[in-house]
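Welcome! Please take a moment to look over the sequence and the model before you start, then try each exercise yourself before reading its solution.

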Protein chains: 2
Amino acid sequence: MGLGVVGGQVARVLIDKAEVLAEQVGCPLVLRKVVVQDLSKKRLPEVASLLTTDASEVLDKPEIDIVVEAIGGEVPAIDYLTRALVGGKHVVTSNKEVIAKHGVELLTLAQQHGVGLHYEAAVGGGIPLISPFQHDLLANKISGIYAIINGTTNFILTRMARDGVDFSSALNRAQELGYAEPNPRDDVEGIDAAYKLAILASLAFRSQVRPEDIYCEGISRLSSRDFQYAQELGFAIKLLAIAKQSDESIEVRVHPVFIPEDSFLAKVDGVYNAVQVEGDLVGKVLFFGEGAGALPTSSAVIADIVAAAKDVILGVGSRVKWGTQPGKSVRPMSEIKTRYYLRLNVADRPGVLAQIAKVLGDNQISISSVIQKLADSVAQTAEIVIMTHPAQEAAMQQALGELTHLTTVNEISNFIRVEA
Amino acid sequence: MGLGVVGGQVARVLIDKAEVLAEQVGCPLVLRKVVVQDLSKKRLPEVASLLTTDASEVLDKPEIDIVVEAIGGEVPAIDYLTRALVGGKHVVTSNKEVIAKHGVELLTLAQQHGVGLHYEAAVGGGIPLISPFQHDLLANKISGIYAIINGTTNFILTRMARDGVDFSSALNRAQELGYAEPNPRDDVEGIDAAYKLAILASLAFRSQVRPEDIYCEGISRLSSRDFQYAQELGFAIKLLAIAKQSDESIEVRVHPVFIPEDSFLAKVDGVYNAVQVEGDLVGKVLFFGEGAGALPTSSAVIADIVAAAKDVILGVGSRVKWGTQPGKSVRPMSEIKTRYYLRLNVADRPGVLAQIAKVLGDNQISISSVIQKLADSVAQTAEIVIMTHPAQEAAMQQALGELTHLTTVNEISNFIRVEA
């Protein structure tokens, strides 16, 4: 269902690699029907005779065993997937939004109807991520996930870091190259990353993490100044999707972070994705690759189709147990503890730093280092950059509020959390 | 079978995580018997009542569904695994040597008897590697594998690079820390890496690559001088296991290489492992983590046990088809083409470089850069380091032979292949 960038490539592979796939599965994979919105569009000639605009041509036909959904978006995909599962069909989808919002309901439906719901392609393109959590790492108690899982923002941040350009010109370039959509909001504001984090955290913590549980902050507030200071201080700036688990609660958030420049994630550039996982047995493992694009995504979709086909042949349903235990509570953002980078535009006068330090100290925030530079000699303003020791988000928010009331502070230019 | 470092940890996890594992599998995993060599050794108290020295207590008992082999080495493990499979038991093993040498026979046996042979723990400790090739990446034609899969040698190389020490002192340190065995031959000479590469290449290329097909060269010839020049030239030195596939043949080799210092693999330090895979759909993907140790290895063994247990419950055998197509031929090392780093001790006289350049030129080897340094002013010797453009191994070996006959060349101190 859907013959766009991903669906078209999946059809292409099913046709071109039919022989090797048949050998893997033990019988041929036959493409029966292709549901599209518009019959008049130019398509792969090999599937011309299979096109239909009528979803029931797929969903209501008993001879169809596996439904592959590559439409994207919440509606009508959610209805199609529901009907397919209820109809006893195995489902393969690359739809992160539907899985992030409705994954638990769909997995429950799949279990009730003895079929599988496969969604490896929903996160990280062709990088194996869902499968490792479902199979390879399942003996582990996962304590943390640190992920660069949005290629668009990582491309923009890489350009800002390397070329010293500002956000809007980096975004324009990404749009020119087709890495960012005309309306880039979902990527730029971290929404896409939050969908993916919801999926990974739900799996890793055997819990139900919904997108709305995730604190989400995009990259549009970052300026080239922040990158200059980051470099000066030995950090890179990345949009990280972070999930942590303690005995009591889980922590899920997407926002720009300072990370040490010699860390692996700092070196993940351009449209690449990487996911670092920490487990009690396995220690630190990292998965890296292209997180989007027709070819890598088709790699994951086809792997899921083969897995589903093997289940069809063996007559078994899903091999993955979906835990039903009540999820842990999500820790409110105000209780998170991190270090902070803080950039302020201040009056260039004696005693200003003392005032600022007092506000921070009064809020139990201790300073690890300070850089002060002349910003504008005519206006007599200076720029102060402060790195703090770990502090609670609530205290930092309180301090930021107080700082804006100091007459010597012209502007809080930015503050960015630090992950060590 | 086997209650050493890995076996003991696996037993520990089966006991400590019994509840969560039962939930994943759908029924409890019961540890029935533990085969050990020596009953008098101190063991986990929880398994004291399960110990036996008699392998048939496991292999001949119909109530045992899954046999976990953590003995290591070729004999008697191969006999035990054969008997287990023929007896219709699912097998989980962490034994790289047995799988590298007898994997195809054992997988064929498993298929004949409708059971699974699981060996995720044989390569890369807890890093998912076998499973990605068997499932996630199976739609891909794999063109290359570049792997750091021996933690001992990577620890030694990391120390040599960072601390400027020579091989023997780095090896001593690794032995003190328990990262290298008292007899380090298998690790240091690349034999362990070759076993693992045989397993990965066989899977990735759906072929039968045997350890003896693999060109294998260890790290003991490396000196601190080589690391100095590598750094000067912008490279790191790593022991890489390399497998490439063309339409005609495959290429499999383990040896030290120069790799660009800004590549991901160059940054894999200490006892970490990393495997970079290139596929036609997925592009470049990389897997990183701790490649050995009791905890990470137990993570993989337990995942395999859970997979086997699900198959037992569902009443299905192996889900993995073992291709029976004839393997591609392995390209002889003499036909390999790479760039080379060459370090020579020569007489410090005019015209020496011209002589050397002529020998290389006569063998169709072209030079990309040269560094010449005074080695010993009293003995009037100099050190010449040459980086070549890509050349064929046979031509390089011929040239090396001719260089040793030049009276002005005192010694070919080292030559190391370069992977870009």
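The model is predicted, so local features need pLDDT of at least 70 and side-chain atom pairs count only at pLDDT 80 or more, while totals for chains, interfaces and linings use all residues. Residues are numbered from 1 along each chain as its sequence is written, and chains are lettered from A and ligands numbered from 1 in the order in which they are written.

**Exercise 1. The two copies**

Find the rotation that superposes chain A on chain B.

Solution. Step one: superpose the copies by least squares on the C-alpha atoms of residues with pLDDT of at least 70 in both. A rotation of 180 degrees, with 0.0 Å of shift along its axis, brings chain A onto chain B with an RMSD of 0.1 Å. Step two: the two copies are therefore related as by a two-fold rotation axis. The same surface serves both of them, since 100% of the contact residues of chain A recur in chain B. Step three: look for the residue of chain A that comes closest to the axis; A:Phe287 does, with its C-alpha at 2.5 Å.

**Exercise 2. Where the chains touch**

Work out which elements of chain A supply the side that touches chain B.

Solution. Start with the count: 44 residues of chain A are in contact with 44 residues of chain B (contact means that C-beta atoms, placed from the backbone, lie within 7 Å). Next, name the elements: α2 (18–25), α6 (130–136), β11 (283–290) and α12 (294–314) of chain A each supply at least two residues of this side. Helices (H or I, at least four residues) and strands (E, at least two) are DSSP runs, numbered from the N terminus. The largest share, 10 residues, comes from α12(A). Then sort by class: the side of chain A that touches chain B has 22 nonpolar, 12 polar and 10 charged residues. Here Ala, Val, Leu, Ile, Met, Phe, Trp, Tyr, Cys and Pro count as nonpolar, Asp, Glu, Lys and Arg as charged, and the others, Gly among them, as polar.

Finally, follow β11 across to the other chain. β11(A) and strand β11 (residues 283–290) of chain B run antiparallel and are joined by 3 bridges (two strands pair if DSSP finds at least two bridges between them). In this pairing, A:Phe287 stands opposite B:Phe287.

**Exercise 3. Domains of chain A**

Divide chain A into domains, then describe how domain 1 of chain A meets domain 2 of chain A.

Solution. An automatic or database domain assignment sets the bounds. Chain A is divided into domain 1 (5–125 + 294–314), domain 2 (130–290) and domain 3 (336–418). The C-alpha centres of domain 1 and domain 2 of chain A lie 27 Å apart. Their contact takes 14 residues from domain 1 of chain A and 15 residues from domain 2 of chain A. On the domain 1 side, helix α5 (residues 96–112) of chain A gives the most, with 7 residues. That side has 7 nonpolar, 3 polar and 4 charged residues.

**Exercise 4. A sheet of three strands**

Give the strand order of the open sheet of 3 strands in chain A.

Solution. The order is β3-β4-β5 (chain A), with parallel pairing. β3 (66–69) and β5 (117–118) of chain A stand at the edges with a single partner strand each, so one side of each has no neighbour in the sheet. β3(A) pairs with strand β4 (residues 90–93) of chain A over 4 bridges, in the parallel sense. In this pair, A:Ile66 stands opposite A:His90.

**Exercise 5. The partners of β13(A)**

List strands that pair with strand β13 (residues 337–347) of chain A, including β16, β17 and β15.

Solution. Take them one by one.

- Strand β16 (residues 391–392) of chain A pairs antiparallel with β13(A) over 2 bridges, and A:Lys337 stands opposite A:Gln392.
- Strand β17 (residues 409–418) of chain A pairs antiparallel with β13(A) over 8 bridges, and A:Val346 stands opposite A:Val409.
- Strand β15 (residues 381–388) of chain A pairs antiparallel with β13(A) over 7 bridges, and A:Leu342 stands opposite A:Ile386.

**Exercise 6. A loop residue**

Is B:Asp60 buried or exposed?

Solution. First locate B:Asp60: this residue lies in the loop between α3 (56–59) and β3 (66–69) of chain B. Then apply the cut-offs: a residue is buried if 20 or more other C-beta atoms lie within 10 Å of its own, exposed if 12 or fewer, and partly exposed in between, with C-beta atoms placed from the backbone. B:Asp60 has 12 C-beta neighbours inside 10 Å, so B:Asp60 counts as exposed.

Notes
Contact = placed C-beta atoms within 7 Å.
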